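Hello! Here is the structure I promised to pass on to you.

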Amino acid sequence: MIYKNILVVFLFALTGSTVAAQQLSWQQVAPGIWKGVAGSPEQYDLLKAAGARPAIAALHKMGEVSFPLDKQDIQATATDGKTYLRFPLRRSEQLFGLGLHFKTVHQRGKILRLHVDHYGGKDNGRTHAPVPFYVSSAGYGVFINSARYITVYAGSAVRKDSKHRPAEKNRNEDKTWSSRPYSDALEVLVPATGTEVYIFAGPTALDAIRRYNLFNGGGALPPRWGLGFTQRVKSLFTAGEVKAEVDSFRLKGYPLDFVGLEPGWQSRAYPGTFEWDSRRYPDPAGFVREMLDKNIRLNLWINPYVSKSASFYKEIAPYTGTHTVWLGEVPDFTIPEARKIFFGQLKKDQVDIGVSGYKIDEVDGYDYYLWPDVARFPGGLTGEQMRQTYGVLAMRYSLDLFRKRNERTYGLVRASNAGANRFPYVIYNDYYNHEDFITALINSGYIGVLWTPEVRASKTSEEWIRRFQTVIFSPMAMINAWSSGTKPWSYKDVAAPIKKLALLRMRMMPYWYSEFAKYHYEGTPVFRGMSLEPGFENSTHASVKNNLEDNPYLEAVSKEVKDQYMAGQYLLVAPLFAGQQSRKVILPKGKWYDFYTGKYVGDGEIISVAPGLDKIPVYVKNGGIIPMMPSMLHAPEKGQQVDLEVRVYGDMPATYRLYDDDGETMDYEKGAFDWRKVTVTKDAKGRLTGSVEEPHNKAVQTYRKITFRFMTAEK
Ligand code: GAL
């Protein structure tokens, strides 16, 4: 007997097994946010990579709420050098988040391995932002703070000790037998000795997201010019060609705020030198100045891989990883010296002469291009940890270049992760399915990142205008013509409506800017999925009826709405895709109005619309207040004043919070901003009138003459 016991202990020791499942102990770290520690977490994690710090005052404003789950149901087990986590799932609960997916919005029932990568066509967790955060329709969020490839079984497996284990069914005779039976747990495998876990309370799912965003410092606040138009020009353009392109925008009357230069601005690319090509750009400082004089900012493409021909190659070489990318060396941005050398070069050569931002390319994947997991970095990270956070590190430290000059930037990046919420970088990729781009836009709102459904070239003018329409209702209005050279007017038959759309984007700038301010200060994502909208009930895909409750995966699939979304507080956007003449739109409960005409369209119902080629269907909630400005070719500059037209939709009294600051500097962090309350009241006769509070902060006053336009009442 004794021998037998010894043998068992011995075997346990050999296999590295096993500690019994343990409850986590929870510590409240901010109102409505708790941290639990499983095992011994690693030194390096996602929050450390991003340098994330909570926006504590804003979290206090959200107020205290109680722990949203049953603590006993959250368990951790340490086995085999890894950490297993288990979280409860209730019956009709749906899950969102867990990465920037392109085909699915609902995640319950899925198995995902969260791995930074370029999107390869399958929602399996390999994506540009595999953020380990999920939010539940039951009104709470969960975040696993690990910089590892973690695997999430989002309610796909049934445990023996399940509290709600479904009854076994006999497939021979029972038609309701399901290949994917009901599961009441979400389980996570973290390939590390421990991890921090954070729980975010609601009460609503949107509140949980807001807490998650605020915990990471709040969402990004772009400069005003970042919300204007951007065109990326052909890769090998010369300074003269860029100037000519910029001039043609102005002459033809299309708005433009920043231009993107692709690899050809550098003397060598793939790997790069990070210095101007003197043949194409003989006088960079003069060129940048000339552009700025025309109100055009420059954004430069880079990938961070250093060529042997780079002037700083020898200096940086000791601080690079064991492996190369396209034979370029990979700087370890966790090491201060590496940062000093690499970003010092960008500063000296580009930012100091007025370059306004970067497009940080190819920090995502794919496996054959990037360093392998067996790579090692001199700062101590493994290939895996670096892969999960390289984009985050590149964003974080490139921002310092602008912050030191008291300037804002708005750039592009191809990899992100948790903690990067406040970085003003928008994710993009090479995949080009329009429908899936919209699904990604919806998913970005659940995980604290920004995504652009960029438009490149199109097969037909119909496709071009349909894509263009969604670009203007997105975080970055970008034409990416690096390869095709397409211009907004290239498709002649739609050139005029395209111009109108581009100018509409500009006219809506006061709305976009206020909504981004709410993302920053209050954590509310600007572009969001319909599940977060109060009163939204989906009855469209009711066709999949069989044992949904038993099979949450099927239920999730059947409930998916991935072709319409919310844009800011009041707008519902329902894009059409090439080939579609009409579509259905699900209106949440409450009255809704046509954005263009103010006409009533419905209340909590499914409508059918056939808007014609020049319109993208957009609807406004009752009481919707949309501040607009005159159409301009560039965003208002710091100190420039514009008139404001406040559009009011529907038939009820309402309020709106209009945000203002200088739009360019970081002074808002020192209090140089203003919120003005817009109020619409209704008198005894049912007439609506509007007023706007005087500015509280005289130093920031972008809006001059303010008029109201009652879109519905005036009809
Ligand atoms: C791709 C990137 C494109 C373009 C191109 C230039 O990786 O996604 O947008 O920048 O590189 O080589």
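Y366 sits in the loop between β19 (357-360) and α9 (383-403), where helices (H or I, at least four residues) and strands (E, at least two) are DSSP runs, numbered from the N terminus. The peptide bond that leads from G365 to Y366 is cis, with omega near 0°. Please keep in mind that this is a predicted model, in which local features need pLDDT of at least 70 and side-chain atom pairs count only at pLDDT 80 or more, while totals for chains, interfaces and linings use all residues. Residues are numbered from 1 along each chain as its sequence is written, and side-chain values use heavy atoms, with hydrogens and water left out.

A cis bond also joins Y270 and P271, with omega about 0°. P271 belongs to the loop between β15 (258-261) and α6. In the loop between β6 (95-97) and β7 (111-116) you will find L98, which has a positive phi of about 60° although it is not a glycine. As a reminder, most residues other than glycine have a negative phi, and most peptide bonds are trans.

Now to the ligand. Around it (a heavy atom within 4 Å) are E262, P263, Y270, W301, K359, D361, E362, R414, Y428, D430, N480 and W482. This shell divides into five nonpolar, one polar and six charged residues; Ala, Val, Leu, Ile, Met, Phe, Trp, Tyr, Cys and Pro count as nonpolar, Asp, Glu, Lys and Arg as charged, and the others, Gly among them, as polar. For Y270, a side-chain N or O atom is 2.8 Å from a ligand oxygen. E362 has a polar side-chain atom 2.6 Å from an oxygen of the ligand, and for N480 the distance from a polar side-chain atom to a ligand oxygen is 3.3 Å. Taken alone the ligand exposes 310 Å², and the protein buries 94% of that (Shrake-Rupley method, 1.4 Å probe).

Two helix pairs are worth a look as well. The axes of α11 (residues 461-472) and α12 (residues 495-507) come within 9 Å and cross at roughly 5°; axes are lines fitted to C-alpha atoms, for helices over the stretch in contact, and angles run from 0 to 180 degrees between N-to-C directions. α11 and α12 are therefore roughly parallel (an angle under 35 degrees). On the α11 side, W464, I465, F468, Q469, V471 and I472 meet P497, I498, L501, A502, L504 and R505 of α12, contact meaning heavy atoms within 4.5 Å. That contact has ten nonpolar residues, one polar and one charged.

In the other pair, α5 (residues 239-252) packs with α6 (residues 284-293) at about 5°, their axes 11 Å apart, which makes α5 roughly parallel to α6. Here A239, V242, K243 and V246 of α5 meet F287, E290 and M291 of α6, with five nonpolar, no polar and two charged residues.

Definitions and conventions. A polar contact is a pair of N or O atoms within 3.5 Å; within protein, one must be able to donate a hydrogen and the other to accept it, and residues adjacent in sequence count only if both atoms are side-chain atoms. Angles under 35 degrees count as roughly parallel, over 145 as roughly antiparallel, 65 to 115 as roughly perpendicular and the rest as oblique.
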